[in-house]
Amino acid sequence: VNKSGHTGSLSIEYAKGRETKRSLRYRLWRRTHEVLVAIEQFSKRPVEDIIDLGSADGRMLEIIHQKYLYARCVGVEYNKKLVDYGKAKFPDLEIIQGNIDSLDFPDDSFDVAVATAVIEHVPDPEKVIEETCRILRPEGILVLTTPHPLWESVAGKLGLLNRDDHHRSFDLYELEKMLEESGFKTIEVKRFMLSPIGLPFELKVERLVNTLKMEFFFANQLIVAMKAGDLKYV
């Protein structure tokens, strides 16, 4: 994740802000909710090993861990300050410092990979996707989110987002193509998050918007992809 510079790392200030600032807490909760729903719905494997790519301080991974108490939960984060902060705050997690485009894990190590609001921050997204495919077991799943380019641009112009931190924007078609070229099979694509701060009954309102085929209003995108069991790594 990158909110502070070229390294692709979330700042410690931003991470701590998610403890107190309502909008940041909501966005974290909402992405985590979507991840948990996707894992529950699409994972064919027993969920024994989970990796969060660009895990920051591990806050999302800790919530996932509460659902999958017996799973090994690993976070990979570039920023050493965040790694140290996360290790102290969430000692049950395995948070390590590293680059997500060069993962120090053997092939077929994980059942689930999570990459929320990270792919737009990395300089080589294709390499990240290839590495993720390599470390997933056959029929393991990747749950990935990223802002929609249009609403990302709007948020940047309104001063709600520092777009200088983003290397590249993606729509769902581009992501699906990249994933399938790297050995994944896409199993869900959708948009979500009507509001960046959370409105009353937002999930119910979003279901209504979906029924009306008005997903245009959603600011975030989600894609779930499965590693095909008979494909070799790229």
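Helix 2 and helix 8 cross in a right-handed way. A crossing is right-handed if the near helix is turned clockwise from the far one by less than a right angle, and left-handed if anticlockwise. This is a predicted model: local features need pLDDT of at least 70, side-chain atom pairs count only at pLDDT 80 or more, and totals for chains, interfaces and linings use all residues. Residues are numbered from 1 along each chain as its sequence is written, and side-chain values use heavy atoms, with hydrogens and water left out.

Helices (H or I, at least four residues) and strands (E, at least two) are DSSP runs, numbered from the N terminus. Axes are lines fitted to C-alpha atoms, for helices over the stretch in contact, and angles run from 0 to 180 degrees between N-to-C directions.

| Pair | Angle | Axis distance |
|---|---|---|
| Helix 2 (residues 22–42) and helix 8 (residues 202–211) | about 60° | 13 Å apart |
| Helix 2 and helix 3 (residues 59–67) | roughly 40° | within 10 Å |

Helix 2 and helix 8 are therefore oblique to each other. Angles under 35 degrees count as roughly parallel, over 145 as roughly antiparallel, 65 to 115 as roughly perpendicular and the rest as oblique. Tyr26, Trp29, Arg30 and His33 of helix 2 touch Glu202, Leu203 and Glu206 of helix 8; contact means heavy atoms within 4.5 Å. Three of these contact residues are nonpolar, one is polar and three are charged. Ala, Val, Leu, Ile, Met, Phe, Trp, Tyr, Cys and Pro count as nonpolar, Asp, Glu, Lys and Arg as charged, and the others, Gly among them, as polar.

Helix 2 and helix 3 also cross in a right-handed way. Here helix 2 brings Leu28, Arg31, Thr32, Val35, Leu36 and Glu40, while helix 3 brings Arg59, Met60, Ile63, Ile64 and Lys67. This contact has six nonpolar, one polar and four charged residues.

Now for helix 5. Eight of the eleven residues of helix 5 (residues 125–135) are buried, so the rest of the structure largely encloses it. Buried means under 20% relative accessible area (1.4 Å probe, protein chains only). Among the buried residues are Val128, Ile129, Cys133 and Ile135. Their cover includes strand 1 (49–53), strand 4 (110–116) and helix 7 (172–181).

Across the chain there are eight helices and seven strands. Buried residues make up 53% of the 234 residues.

Conventions
Buried means under 20% relative accessible area, exposed over 50%, partly exposed in between (1.4 Å probe, protein chains only).
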